[in-house]
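Me: I've just opened this one and I'm new to it. Can you walk me through it?

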Amino acid sequence: MNTSGKVIKCKAAVLWGLNQPFSIEEVEVAPPKAYEVRVKILVTGICRTDNNATIGVMPAKFPVIAGHEAVGIVESIGEGVTTVKPGDKVIPLCVPQCGTCFACIDPNSNFCEKIDITGRGVLSDGTSRFTCKGKPIYHFMNTSTFTEYTVVEECALAKIDAAAPPEKACLFGCAFTTGYGAAINTGKVTPGSTCAVFGLGGVGLSVIIGCKAAGASRIIGVDINSRKFEKAKAVGATECVNPKDHTKPISEVLKEMTGNSVKFTFEVTGNLDTMVDALASCHMNCGISVVVGDPPPSTTLAFDPMLVFTGRTWKGCIFGGWKTRNDLPKLVSDFMAKKFSLDQLITHVFPFNKIKDGFELLNKGESIRTILTF
Ligand code: CND
Ligand code: ZN
Ligand code: ZN
């Protein structure tokens, strides 16, 4: 049946309010307006950032359809759309690439002004394409992938190889791209170096894959959940340490383990204390520490300025620093050419209506990535 130009009724997981459970509802998805694209979602991963939205750590407007790590097929396009067509395999982009803003023009920046990390929750014309029970439902991070159909702006879509397997390629919508890019683009990890990665979830493991690809000789995984160590080692960690097993600060533990030679550290948990620990753990003069975890909103951080005065560099990145529309198709091609494997990152594959089970596993620390299929 040709659905182009018509409202589509489909299943979506709606969050009616803060700290409310995901509720599977029938929603109406309006056709795309100019420069917008309606996408049939095939699979979507569960990221900590989605959980953060449910508890107010990531800004969102409610009621909302969350989700930002997916692969889909273009169902229909709005007026003026030229870069994708119905049938194309695509990844919705939480960091768009409009191509015209300051960040898009600057070669070293990817923080496109079309990004929605402040919880705007609407498309460019100020409205939503979702309704449920007569109420408008807000978008999330330009993507909203916990639904059978979504509408995104053309600049928030990367067209990928039609042969890419969706249940793996969805990890390019967040975890892999974010973590791998943090190591390669932001940290710029050097061959033979020692790295420490704080937080061994889907994003942290992807940082390890990036450190290994960059030629790091020692990669230390740090996590308060020692059950994460096996996977970390499987993707390239040379050793792992649990701060809870030590009475000394973790920066001291790492210094002793390495003879004070940790050059790169990555914070991939979203905890303020860990951000300072990671900074303190890299070498006092030439160390580089990268913040990857989502900091809680409206918080401030106290730290000893001596940590940076002596020469450390403190950086951060959104979505691994990639120019998303240009770079994601290339990353997917590299994956198809077997330059890296994503197998270790996927621990569970569930049908979409088991979304609550997926979040329960995440919060119990029992999963890396759970992939939901439609
Ligand atoms: P996930 O929850 O799967 O992993 C986090 C890991 O951190 C878990 O293994 C925890 O046990 C561990 N952890 C928690 N507290 C500590 C601590 N104090 N010390 C050491 N380890 C700890 O999360 P994820 O991998 O999906 O995401 C990780 C972070 O990255 C999270 O904050 C998420 O919101 C953020 C993120 C950032 C970006 C970006 O563009 N920068 C994109 N997506 C996700
Ligand atoms: Zn832009
Ligand atoms: Zn994410």
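Predicted model: local features only at pLDDT ≥ 70, side-chain atom pairs only at ≥ 80, totals over all residues.

Me: Ok, metals to start with. Which residues are the protein donors of the zinc ion (ligand 2)?

Reply: Cys98, Cys101, Cys104 and Cys112, each through its SG atom. They lie 2.3 to 2.4 Å from the zinc ion.

Me: What's the arrangement of the four donor atoms there?

Reply: That site is tetrahedral, with angles of 105 to 118° among the four donor atoms.

Me: And how are those donors spaced along the chain?

Reply: The pattern is C-x2-C-x2-C-x7-C.

Me: Is Cys104 buried or exposed?

Reply: Cys104 is buried, because its relative accessible area is 12% and the cut-off for buried is under 20%. Cys101 is buried as well, at 6%.

Me: Now the other zinc. What are the protein donors of ligand 3?

Reply: For the zinc ion that is ligand 3, they are Cys47 (SG), His68 (NE2) and Cys174 (SG), at 2.1 to 2.3 Å.

Me: Why does the arrangement around ligand 3 count as irregular?

Reply: Because the four donor atoms around that zinc ion subtend angles of 77 to 140°. To be tetrahedral, all angles would have to lie between 85 and 135 degrees.

Me: Is Cys47 buried or exposed?

Reply: Buried, with a relative accessible area of 3%. Cys174 counts as buried too, at 6%.

Me: Switching to ligand 1. How many residues surround it?

Reply: There are 28 residues around ligand 1, and the closest are Arg48, Thr49, Asp223, Phe319 and Arg369. By type, the shell splits into eleven nonpolar, twelve polar and five charged residues.

Me: Which helix gives the most to that shell?

Reply: Helix 1, with three residues. Helix 5 (202-213) also supplies at least two.

Me: Which polar atoms come within reach of the ligand 1 atoms?

Reply: Among them is a polar side-chain atom of Asn271, 2.9 Å from a nitrogen atom of ligand 1. Asn52 has a polar side-chain atom 3.3 Å from a ligand oxygen, and a polar backbone atom of Thr269 lies 3.5 Å from an oxygen of ligand 1.

Me: How much of ligand 1 does the protein bury?

Reply: Taken alone, ligand 1 exposes 870 Å², and the protein buries 88% of that.

Me: New topic: where is Thr147?

Reply: Thr147 is in the loop between strand 7 (135-137) and strand 8 (149-153). Its relative accessibility is 0%, so Thr147 counts as buried.

Me: What does the side chain of Thr147 reach?

Reply: It reaches the backbone oxygen of Tyr149, at 2.8 Å.

Me: Last one. Where does Asn225 lie?

Reply: Asn225 is in the loop between strand 11 (218-222) and helix 6 (229-235). Asn225 is buried, with a relative accessible area of 14%. Asn225 and Asn242 are 17 residues apart in sequence, and their C-alpha atoms are 7.1 Å apart in space.

Note on methods: Residues numbered from 1 in each chain as written. Chains lettered and ligands numbered in written order. Heavy atoms only, no water. Donors = N, O, S within 2.8 Å, 3.2 Å for Na, K, Ca; no water. Tetrahedral: all angles 85-135°; square planar, octahedral: opposite > 155°, others 65-115°. Buried < 20%, exposed > 50% of the residue type's maximum accessible area, 1.4 Å probe, protein only. Near = heavy atom within 4 Å. Polar contact = N/O pair within 3.5 Å; in protein donor to acceptor, adjacent residues only side chain to side chain. Areas by Shrake-Rupley, 256 points an atom, 1.4 Å probe, with all protein chains shown as cover. Helix = DSSP H or I, 4+ residues; strand = E, 2+ residues; numbered from the N terminus. Nonpolar A, V, L, I, M, F, W, Y, C, P; charged D, E, K, R; others polar.
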